[in-house]
Structures are given as structure tokens and as C-alpha cells.
Amino acid sequence: MEKQIEVEFIGDIKKEQFDNLKVFFKKEGTYKKTKHRISFMYFKDKIPKDMSEIKLEDIDLRLRITNKKPELVLKQGLFTGAHARKEISINLSLEEFPVYIELLKALGWHLGVIYAVETLVYNYKNIEFSLVNIKDYGYNFEAEILTDEKEQAEAKKKIMGVLDQLKLKPFDEAGLNKQCNDINNRKELQFDFSKQSFDTIKNKFKEYFEE
């Protein structure tokens, strides 16, 4: 059976830690790829001023483009910074991307926030580690194992042990909410496709769309 449960720990790091981890993973791990990604993070009814307003919402819907390859992604499960969520991904084409914007709008999904990031991905001790540079904001790490439902607990235990060794601390609820709130409340990153055209956003972030 295909593994569909994403066990993931997320935390923030300083620029110095980001640089040190790049050197460490290059030496001790295996470099996998660099991802240039723009994500359209959707909210159903309104963009929350505080994530506590939607803490029980377990549907995470987004359109994103990674290295010019678009996809529709739905994650199901609570977003806590140390979580296990079911993930469904559908590959799209760049030509189809505006069609899916319109499809989601017709279904009532038109509000959200844009995240633009550059991510360095490594394998270390069979854990996928990502070093994330959030454009005009700061730096995160992500540690992830893709598994099945029966192996969730073992995957969490393994990641937590390696994070302790590396002296990396995942977000607690307050820390994760603060980062999300900081980014979500930036007016220049918010979108409402019931009031603005997709072309406006595309022109603003054209480096993610142009072949």
C-alpha cells in the first residue's frame, strides 16, 4: 500500500544555524534537491488574524508550484508543528494552473496567503531534512518521514531522537501560531480571487511561473 501519512516536525532557526546545517548535511547527509516554491495557501471563509481561530480545522488546501511544476495538494489532519497528516497530491501543468484557480473559486475557495520559499533538501539517517528560506521573513527546518498509519509512532520517535542530537527544537503551538500569524497578516501576501485576477499575482511572482 502507498505510504500517505506525512510525519513532520517544523521549527525556526537563525541564519547562522541555517548556514551551519547546510555544511553539516552536505558532509554527513545526502543532498537531494533545491526547491523554488510558491504556495497559495487557502482559507475557507476568511484569512484568520490568529491561527487559534482555526485550530480545529483539519483541511489544508493549497495550490503550489515547485521548480515550475504545479500541483494541487490537500492535507488532512491538524497542523501543530509536530504532526502526522494524510496528504493527497495531484500534478497539474502550468497551462492548467489558472483553470484550477477558477475551479476552486467556483467551489467557494478564493481567499488565502502566498508563501514563497527556497528549500534545500537532504537525506540524513533516512529522514528528509529541509532547510527553508522564507522569502522576506526568515528560516525554518523541516524533518519528515513519509509512512503509513501503523508506523506513525515509530517515525515520530525516530525524528525526535535525531532532532535532540542536532539540538533542534520544533515549534510548540504558540511558536507556530506566531510565525503563521506574522506571515498571514501581511496584506501584500494575501489574495482574494473573487476580487483580483490571477494575472496580477502571476506578474508579481513571475519568476515562479516562467519556463
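The tour goes from the whole chain to a single side chain.

Keep in mind that this is a predicted model, where local features need pLDDT of at least 70, side-chain atom pairs count only at pLDDT 80 or more, and totals for chains, interfaces and linings use all residues. Residues are numbered from 1 along each chain as its sequence is written, and side-chain values use heavy atoms, with hydrogens and water left out.

**Stop 1: the whole chain.** Colour by secondary structure, and you will find five helices and nine strands (DSSP runs: helices are H or I with at least four residues, strands E with at least two, numbered from the N terminus). Walking from the N terminus, the order is β-α-β-β-β-β-α-β-β-β-α-α-β-α. Along the principal axes, the C-alpha atoms fill a box of roughly 50 × 35 × 35 Å.

Stop 2: Of the 211 residues, 47% count as buried (under 20% relative accessible area, with a 1.4 Å probe and protein chains only). Contacts here mean heavy atoms within 4.5 Å; among those with a separation of 6 or more, 69% join residues 24 or more positions apart.

**Stop 3: phenylalanine 193.** Select the loop between β9 (190-192) and α5 (198-204), where phenylalanine 193 lies. Is phenylalanine 193 buried or exposed? Its relative accessibility is 3%, so phenylalanine 193 counts as buried.

Now show its partners: leaving aside neighbours within four places in sequence, phenylalanine 193 is in contact with Phe40, Tyr42, Ile101, Lys105, His110, Phe198 and Ile201. Finish on histidine 110, which is 83 residues from phenylalanine 193 in sequence and 5.0 Å from it in space, C-alpha to C-alpha.

Definitions and conventions:
Buried < 20%, exposed > 50% of the residue type's maximum accessible area, 1.4 Å probe, protein only.
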